[in-house]
Amino acid sequence: MSQEHFDALIEADERIEPDDWMPDDYRNTLVRQIAQHAHSEIIGMQPEGEWITRAPSLRRKAILTAKVQDEAGHGLYLYGAAESLGTPRAELLDRLHAKTQKYSSIFNYPTPEWADVGAIGWLVDGAAIMNQVPLCRCSYGPYGRAMVRICKEESFHQRQGYQIMLSLSQGTPEQHAMAQRALDRWWWPSIMMFGPPDADSPNTGRSMAWGIKRFTNDELRQNFVDATVPQAELLGLTPPDDALVWNAERGHYDFGEPDWDEFARMVRGEGEIPDLRIGVRRAAHDDGDWVRAAAAAYADKQAARSAA
């Protein structure tokens, strides 16, 4: 295996597998991206998990519990994909807990009302789907295959969130107002989920050349706005953007500029919420020490029996 063979696979739009030769930069880029994705899944359990006991009905509690469990499973798939690149899961978690690897800054926002759970499903998971469906064609095989199942499950999460927003928007005036407040809180953070503008994105060009990404940040952002604005109109809700207007000549919506200074602060993890998220994660990890020790002891016992 060689650089030439790697280049030929990329050129032919074929998959790179774990045993194939790959450049160090390609491997490191994938570890960074997949690890951030995995970290985001397990950190993302927290803002919604806080609402399981406060959901307004037993049915809502059960649905939300299932969704949070799905997110845990997504994290496991993705950590497995990252491990196939030679980085142990324990090392990735240590980096998360030490804040040397990031998770999606979208989870550094608070969820003060029940409608925020709906907005997360509709907008945050909707943005994730827009970003992740092209990853099903990622040039790295284990990542692309993991994304197929994840995207199927995320589509249910988006529908669940939209259904919450629909129920609220069609409910009492107070419920409709709650839904609008949630949209106001989550619209711009969701727009920024696709990353910085293409001109300020240092990794996009190389990731696209390698077949890891298929669309630029700005292309995905535009697709998200085009898909989501009609959904908001159906709900009778208004995105908080005075510049939002349909451009018939372009065949797309024009929209305003996000607050990129806020985006930078969130990415840096400033404020109390990032410390809270990591603190909860560390405590959960420490509380699970005995489970990992028991699993390791059982594995060693089984291996010894097989050897005997």
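Trainee: Before we start, what should I know about the numbering and the model?
Mentor: Residues are numbered from 1 along each chain as its sequence is written, and side-chain values use heavy atoms, with hydrogens and water left out. This is a predicted model, where local features need pLDDT of at least 70 and side-chain atom pairs count only at pLDDT 80 or more, while totals for chains, interfaces and linings use all residues.

Trainee: Great. How many helices and strands does the protein chain have?
Mentor: There are 13 helices and 2 strands in the protein chain. Those are DSSP runs numbered from the N terminus, with helices (H or I) of at least four residues and strands (E) of at least two.

Trainee: And how compact is the chain?
Mentor: Its radius of gyration is 21 Å, close to the 19 Å that the globule rule gives for 308 residues, so the protein chain is as compact as a globular protein of that length. The radius is taken over C-alpha atoms, and the rule is 2.2 Å times the number of residues to the power 0.38. Along the principal axes, the C-alpha atoms fill a box of roughly 70 × 45 × 35 Å.

Trainee: What share of the residues is buried?
Mentor: Of the 308 residues, 48% count as buried. Buried means under 20% relative accessible area, exposed means over 50%, and partly exposed is in between (1.4 Å probe, protein chains only).

Trainee: Let's take Arg145. Which residue does its side chain meet in a salt bridge?
Mentor: That would be Glu17, at 2.8 Å from N to O. Arg145 lies in helix 7 (residues 141–169) and Glu17 in the loop between helix 1 (3–11) and helix 2 (24–43), so the pair ties together parts that are 128 residues apart in sequence. Arg145 is partly exposed at 45% relative accessibility, and Glu17 is partly exposed too, at 25%.

Trainee: And Lys67 with Glu48, what does that pair look like?
Mentor: Their side chains meet in a salt bridge of 2.5 Å, N to O. Lys67 is in helix 4 (residues 58–83) and Glu48 in helix 3 (residues 45–49), so this pair links parts that are 19 residues apart in sequence. Lys67 is buried, with 2% relative accessibility, and Glu48 is buried at 3%.

Trainee: Which residues are linked in a network of salt bridges?
Mentor: Glu113, Asp116, Arg181 and Arg185 are linked that way.

Trainee: Where is Gln101?
Mentor: Gln101 is in the loop between helix 5 (89–97) and helix 6 (114–132). At 13% relative accessibility, Gln101 counts as buried. Its side chain makes a polar contact of 2.8 Å with that of His39. A polar contact is a pair of N or O atoms within 3.5 Å; within protein, one must be able to donate a hydrogen and the other to accept it, and residues adjacent in sequence count only if both atoms are side-chain atoms.

Trainee: Last topic, the rings. How many aromatic pairs are there?
Mentor: There are 10 aromatic pairs. Rings of Phe, Tyr and Trp (its six-membered ring) pair if their centres lie within 6.5 Å, and planes under 30 degrees apart count as stacked, over 60 as edge-to-face and the rest as tilted. In Phe6 and Tyr26, the ring centres are 4.9 Å apart with planes at 75°, so the pair is edge-to-face. Phe6 lies in helix 1 and Tyr26 in helix 2, so the pair ties together parts that are 20 residues apart in sequence.

Trainee: Are those two buried or exposed?
Mentor: Phe6 and Tyr26 are both buried. They also form one aromatic cluster with Trp21 and Trp210.

Definitions and conventions: Salt bridge = Lys/Arg side-chain N within 4 Å of Asp/Glu carboxyl O.
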